[in-house]
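These are my notebook entries on one protein chain. I record what I looked up and what I found in each case.

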Amino acid sequence: GTGNMSAKAISEQTGKEFLYKHICTTSAVQNRFRYANVTAATNWEQLAHDHPWLLTERLVVKPDQLIKRRGKLGLVGVNLDLQGVKEWLKPRLMKEATVGKAKGILKNFLIEPFVAHKQEEEFYVCIYAAREGDYVLFHHEGGVDVGDVDSKAQKLLVGVDEKLRPDSVKQKLLTHAPADKREVLTSFLVGLFNLYEDLYFTYLEINPLVVTKNGVYVLDMAAKIDATADYLCKAKWGDVEFPPPFGREAYPEEAYISDLDAKSGASLKLTLLNPRGRIWTMVAGGGASVVYSDTICDLGGVNELANYGEYSGAPSEQQTYDYAKTILSLMTREKHPNGKVLIIGGSIANFTNVAATFKGIVRAIRDYQEPLKEHEVTIFVRRGGPNYQEGLRVMGEVGKTTGIPIHVFGTETHMTAIVGMALGHRPIATQPRVAAHTANFLLNTSGNSSTPSSSRTASFSGVNSTEGVASVEKARPGIPPAKATTLFSKHTKAIVWGMQTRAVQGMLDFDYVCSRKEPSVAAMVYPFTGDHKQKFYWGHKEILLPVYKNMSDAMKKHPEVDVLISFASLRSAYDSTMETLQYPQILTIAIIAEGIPEALTRKIIKKADEKGVTVIGPATVGGIKPGCFKIGNTGGMLDNILASKLYRPGSVAYVSRSGGMSNELNNIISRTTDGVFEGVAIGGDRYPGSVFIDHVLRYQDTPEVKMIVVLGEIGGTEEYKICQGIKDRRITKPVVCWCIGTCATMFASEVQFGHAGACANQASETAVAKNKALKEAGAFVPRSFDELGEVIKSVYDDLVSRGVIVPAKEVPPPTVPMDYSWARELGLIRKPASFMTSICDERGQELIYAGMPITEVFKSEIGLGGTLGLLWFQRRLPRYACQFIEMCLMVTADHGPAVSGAHNTIVCARAGKDLISSLTSGLLTIGDRFGGALDAAAKQFSKAFDSGMLPMEFVNKMKKDGKLIMGIGHRVKSINNPDMRVQILKDFVKQHFTSSQLLDYALEVEKITTSKKPNLILNVDGFIGVAFVDLLRTCGGFTRDEADEFVEIGALNGIFVLGRSMGFIGHYLDQKRLKQGLYRHPWDDISYVLPEHMSM
């Protein structure tokens, strides 16, 4: 299955298939498509039939399971015939092997032709991606003993947007290659590089590449491709299987979650590490999930840690339910002597509705309550964010009702404290939670003194952004312009790309509580609609913001804008960002989308560097500058902005990769210091647009920032630039730094964490190595994430005691009214609904007809009649009743073109009108005279029958009153020439109805009327009318009053209208098909009777 997570290893077979299919070179590439795949299920006869060369060639066999250095490990069988291959596989296929720390089963092998060659014909080639471009390595001595290629090989950097040129291959790479092979190698390397680019490889190694007089042979190949480029490469890639790293099984549950992830805008990840383990996690957020894993490993839980996973990006209640039930099902398969723990953790969400996701988890817990109790599972919960109080409440509730021990904590508890509790390292806290409500931002919270500094004045970050801008204007030609130090001020104006009304409203509310004079969003750009205005709130009043179809219009009309926030999807983010970079007024771009192919991100970075533009992201929530500006959803909802005092500046600036963790830092910093001055989340990608050092240096150069916090992460080497900066005294302010992902060093097999960039490709990229280097350089590095807050506090307290920071006096922010929809979500308000309905509910997981889910409607095969029963009568009717309703619809479907309704429909159709108009014109004729007889007959007959009149009395009374009996009489049919429609219905009723008193009464009346005149029979309208009353009265679902009420309110007219619509539509289609022209009534069919005395 493909989960879209940046660079992913592919099997050797897939890599070779790509190469053989798509390489373009004049060199003769030999043995194209000559590989055969062997598993335990292989049928050898079939295999030899599909690959006849297996019987004629000498062969090589080796496992194809991402194992490095197979030759060294004795895992390659060389120069064998097919029988020899089978013998070689016997002791190896489906047997366990150990590679480094990882143990795994050898189960997927590749057979290829053996290539006889000399040692000097073996070469080494590797291409790999870096931020600045792609490195091509070539070494003239390839093969198993190649050793440390990085130091030996010739190396050439092909910059972003540049091509690999044949002359530079010869001059830079092939200096030691044999002269007679240079041409062949050059053509092959250029072709290989183009293939690497076209198919979005991020790594491609061939060792050895063999070149003989016959041509080029690709012997061993290892490769990774950028899985996010799937939408660009689908045609060339086909369906790619991404094998798991050796030593880890691929579980169907992982594929299931990966599939959910691919189908949703949210992020859902799951990796099983040890399905027998007792510690399970279900963590929200790519960054937070890593921190929880670190803490578990830190406290000695590495061998019991069952899984790594994360959910984020506002998944729906249903998606969270599917995710949770997968984990609960996995953890209740085999018992553990010490019971199990489930850690439902998370940072403070920015925009995920915690109550909605938790309701999904709670539903799963309810479904699995028995197995959870049986496996002695204890659950620990810690979360914050939009509506988290309600989420925690439903979690606590399900613990009480099911009897499963569930311990629930909110933002007042340090994020990872629950890990210590779960592992028995610290007591389970019992202090009652502060019952703070998301609603409390309506009230002034100036009484809340949780900030150590007792006082705070208005923002002193009112430095206008012009200083940063000026340096850009004065750039010398030929040298890339310097980037601004100050990105945002309280006058910053932005354009938002994408119809993200919720994020924009969040920005405007933030502006308002920061006491900004004007909204920070000037306009929105959305190519999928025309230009229009969109309504937003500014404090209490409503304002209109312009939305433009074209970016150029927005830029022209709003020259004051210098920031663009892009909510473009991963597919359109590249194009829209490149377009933005054409406008010199834009100095900062934030890209929110996750999953932009790395090769495209690098092109954006290159262009931005040329133009002196700062890019924040991709794959980020953005950043926040208290008192000035917030990007999109950063900082969460207003209650969190107020709780973390983000409406006014403090003295601490931070930079992190993760969005959720940046919000957690807001919380930690506001609890331990005078608050945040500015915070940026650079995003989870391998190549963020701006890196840690870019922001750390901005903070160093910003006088109001007194200390810097960096939350680094496994993967990449950017953190080392901070070490260098401190050593060079370029950075003099205190830096508190912690790199997350320390647990990876303890895992036996490689784990790709939630962020695309969170994967170490070499020892220096591990979190452990980086933390050590930072500490040695002089940064303040805690022992674990658990201690981060304490270290920040001690550094801050020291700065206060030395007088570097003088905490200012607190000023309460203006209050912002709560949105109606949010207040309703929180259960704070109620209002009478405008409508009531009892027949259908489309809001949930599936459509419900009168309490019956649509899947059930189909499963139970109730048909159209049954569906009508649900929607009209809110009853599950017995089968015969459903059939009777369908028969009624069938017999009333049409009665020829001459009746008034059909006539009208035909005239209307011939006037060139559409189906709806023609149908309506026919339906408008239905009433007392046409088609209304069903309803009238039912009412007349039941009234007479219910009042105890004898049939004879009824007929006489109607005659005396001069009224027609509805439902009696027919133009053509008579007692001697009966109506077959009535006959069919009568037989059915007599056979299936429990009783038919009203029908029997009507038949008695018929005897009397037909004795007077043979065509006064009970006609089809009358029959359906009375039989329907019998049905409602006797099928068991209705009281007598309910049955009569349905007749009274016109259910029978409904039957006629619904049935006859079929005929009218038929007439409409018929006229159109027959291409009939406009109808004009003939003169000879009209009597003109004008009054005599008017003629002159």
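I began with C514, which is buried, with a relative accessible area of 6%. By the convention I follow, buried means under 20% relative accessible area, exposed means over 50%, and partly exposed lies in between (1.4 Å probe, protein chains only). I note that this is a predicted model, in which local features need pLDDT of at least 70, side-chain atom pairs count only at pLDDT 80 or more, and totals for chains, interfaces and linings use all residues. Residues are numbered from 1 along each chain as its sequence is written, and side-chain values use heavy atoms, with hydrogens and water left out.

I then searched the whole structure for disulfides, each being a pair of cysteine sulfur atoms within 2.5 Å, and the search found zero. For C514, the nearest cysteine sulfur belongs to C628 and is 7.4 Å away, and C514 is in no disulfide. C888 is in no disulfide either; the nearest cysteine sulfur, in C882, is 12 Å away. C888 is buried, with a relative accessible area of 0%.

**The annotated position**

Where does UniProt place the feature "active site"? The unreviewed entry places this feature at H755. I keep in mind that UniProt positions are given in the numbering used here, that feature names are shortened, and that annotations may be inferred rather than shown by experiment. I located H755 in the loop between strand 32 (735-740) and helix 24 (767-777). Helices (H or I, at least four residues) and strands (E, at least two) are DSSP runs, numbered from the N terminus. Is H755 buried or exposed? H755 has a relative accessible area of 11%, so it counts as buried.

**The sheet with strand 32**

Two strands pair if DSSP finds at least two bridges between them. Strand 32 pairs with strand 31 (residues 707-713) in the parallel sense, over six bridges.

**Salt bridges**

How many salt bridges does the structure hold? I recorded 57, where a salt bridge is a side-chain nitrogen of Lys or Arg within 4 Å of a carboxyl oxygen of Asp or Glu.

One of them joins the side chains of K181 and E121, at 4.0 Å from N to O. This pair links distant parts of the chain, 60 residues apart: K181 is in the loop between helix 5 (166-173) and helix 6 (182-198), and E121 is in the loop between strand 7 (109-113) and strand 8 (122-130). K181 is buried at 12% relative accessible area, and E121 is buried at 9%.

I next examined E542 and K535, whose closest N and O atoms are 3.6 Å apart in a salt bridge. E542 is partly exposed at 44% relative accessibility, while K535 is exposed at 54%.

In the salt bridge of D841 with R843, the closest N and O atoms are 2.8 Å apart. D841 is partly exposed, with a relative accessible area of 24%, whereas R843 is exposed, with 71%.

Finally, I listed a network of salt bridges that links E12, K16, K62, R70, E112 and D220.
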